[in-house]
Every structure is written in C-alpha cells, then in structure tokens.
Amino acid sequence: MSALARLSRLLAADGRCFDVAIDHGVFNEPTFLGGIADMGRAVDAIVAANPDAIQLGPGHARLLQDRPGKEKPALVLRVDVANVYAPKPPPEMFCELLPDGVEQAVRLDAACVVVFLLSIPGRADLHRQCVANLGRVRAVCERFAMPLMVEPIAMRPTEGGGLGVDGDVERISALVRQAVELGADVV
C-alpha cells in the first residue's frame, strides 16, 4: 500500500480531516479520562458521529479496527507518550516513542501515525527529544509507506503550576513550519 492510498483514507474529499483524539490514557493523567473511561462506548459514540479519523493508542486500536464493514473512520495511531499534562508536571519531562510503533500501525492497518512536537519555555531538552523522535519515526514511515502526522503543541506555564496550551500564533506557526520541514505529511 502506498502512503497516498493511506492518506486518501484519512482525508476527506476536500483535503481536510476531522480527527477525534481519544488517545488520552497513554498520558497517565486521570483528569483526561472523563467521558472516555469506557472506551468501547466512547468508540461507538464517535464512530456514530462519522468523523474522518479516530486517534487511539495501540491498546485500543482494535476497538475500531475489528469493526466489520468498510464504513468506519480511519485509524490514527499514537506512537509516543509524554508526561507533560499533569497538574504539576514532574521535574523530568519526557516524550518517548513506543517500541515498533510504525510496524504496529502497519499491522493494524492504520491510515497514519501521530507524534508530538512539543515546545515549552525552558525545556529545550524536551523539544530536542521530540525532534529526534520525529526524525526516527519519519525514517521508519518512509520504509513502510506510512504517513506521519505531527501534533505541534506550544505550551506555557499556568498560574496553577501546570502547563497549558499557548495560543501565541508566532510560536505555533514556527512549530508547524518545523514539523513540515522535518517531514510531516499531516499537521
């Protein structure tokens, strides 16, 4: 299968994609699980809403892929895990690739894989790790004709001590540009 064939399953006819992300369990943050504790029911509800894609971790991908019939959203497989979402982030933040993520995506017939490109002030180490992850995944994606989705997220410290999304258009634009230049097929 070619990367273009996989992308055609992901993107609507207008080239856009409505991807519902419910891969939140991989981040080990209990506050993210409201409404998706029962993943079977969550996937049922989302499939019924008819999005273009559903973003899942490897452990829940079968809830979508084992459904009979051709009419179902495409699978976007999360192949990394980060610990940046806690109300008080740990002193050592990470973004780690899951072993053999792209190969799992091929076996699961995913339309693409997704990885982070995180930017947090004062955390160049985390950003460097994301760039390295992206490069490693990009190389494997090319070998298996698997499209790569990059999720660029600019974050900032919040008053409560955690991190929140930074809406600074310049920071976001720079991350999106970096993602594309590093090989993202979809942002």
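**Sheet architecture, cores and cysteines**

Strands β3 and β6 (residues 112–119) are paired in the parallel sense through three bridges. Within this pairing, Leu-77 has Val-113 of β6 as its bridge partner. The model described here is a predicted one. Both strands belong to an open sheet of six strands, arranged in the order β1-β2-β3-β6-β7-β8 with mixed pairing. Its edges are formed by β1 (19–21) and β8 (163–165), each of which pairs on one side only. From one strand to the next, the twist averages 35°.

Strand β7 is largely enclosed by the rest of the structure, because seven of its ten residues are buried.

The pairing of β7 with β8 is antiparallel and comprises three bridges. Here Arg-156 has Gly-164 of β8 as its bridge partner. The two strands form a hairpin in which five residues lie between them. In the turn of this hairpin, Gly-161 adopts a positive phi of about 100°.

Arg-78 is located in strand β3, which spans residues 74–78. With a relative accessibility of 1%, Arg-78 counts as buried. The side chain of Arg-78 makes a polar contact of 2.9 Å with that of Asp-23. When neighbours within four places in sequence are left aside, the contacts of Arg-78 include Asp-23, Val-26 and Phe-27, as well as Gln-55, Leu-56, Gly-57 and Pro-58. Leu-98 and Glu-151 are also among these contacts, as are Val-114, Val-115 and Phe-116.

The largest nonpolar core contains 47 residues, and those with the most contacts inside it are Ile-22, Val-84, Val-113, Phe-116 and Leu-118. Helix α5 (residues 124–144) gives the most to this core, contributing six residues. Apart from this core lies another, of ten residues, whose members include Leu-7, Val-76, Val-114 and Val-186. Phe-116, listed among the residues with the most contacts inside the largest core, is also in contact with Arg-78. Val-114, a member of the core of ten residues, is likewise in contact with Arg-78. For Ile-22, contacts beyond four places in sequence are made with Ile-36, Met-39, Ala-42, Val-43 and Ile-46, together with Ile-54, Gln-55 and Leu-56.

A disulfide is a covalent bond between the sulfur atoms of two cysteines. For Cys-130, the closest cysteine sulfur is that of Cys-95, at 3.9 Å, which is too far for a bond, the cut-off being 2.5 Å. Cys-130 is buried, with a relative accessible area of 0%. The sulfur of Cys-141 lies 8.5 Å from its closest cysteine sulfur, in Cys-112, and this separation is also too far for a bond. Cys-141, at 1% relative accessibility, counts as buried.

Note on methods
Residues numbered from 1 in each chain as written. Predicted model: local features only at pLDDT ≥ 70, side-chain atom pairs only at ≥ 80, totals over all residues. Heavy atoms only, no water. Helix = DSSP H or I, 4+ residues; strand = E, 2+ residues; numbered from the N terminus. Buried < 20%, exposed > 50% of the residue type's maximum accessible area, 1.4 Å probe, protein only. Polar contact = N/O pair within 3.5 Å; in protein donor to acceptor, adjacent residues only side chain to side chain. Contact = heavy atoms within 4.5 Å. Core = buried A, V, L, I, M, F, W, Y, C linked by side-chain atoms within 4.5 Å. Pairing = 2+ DSSP bridges. Axes fitted to C-alpha atoms, helices over the stretch in contact; angles between N-to-C directions.
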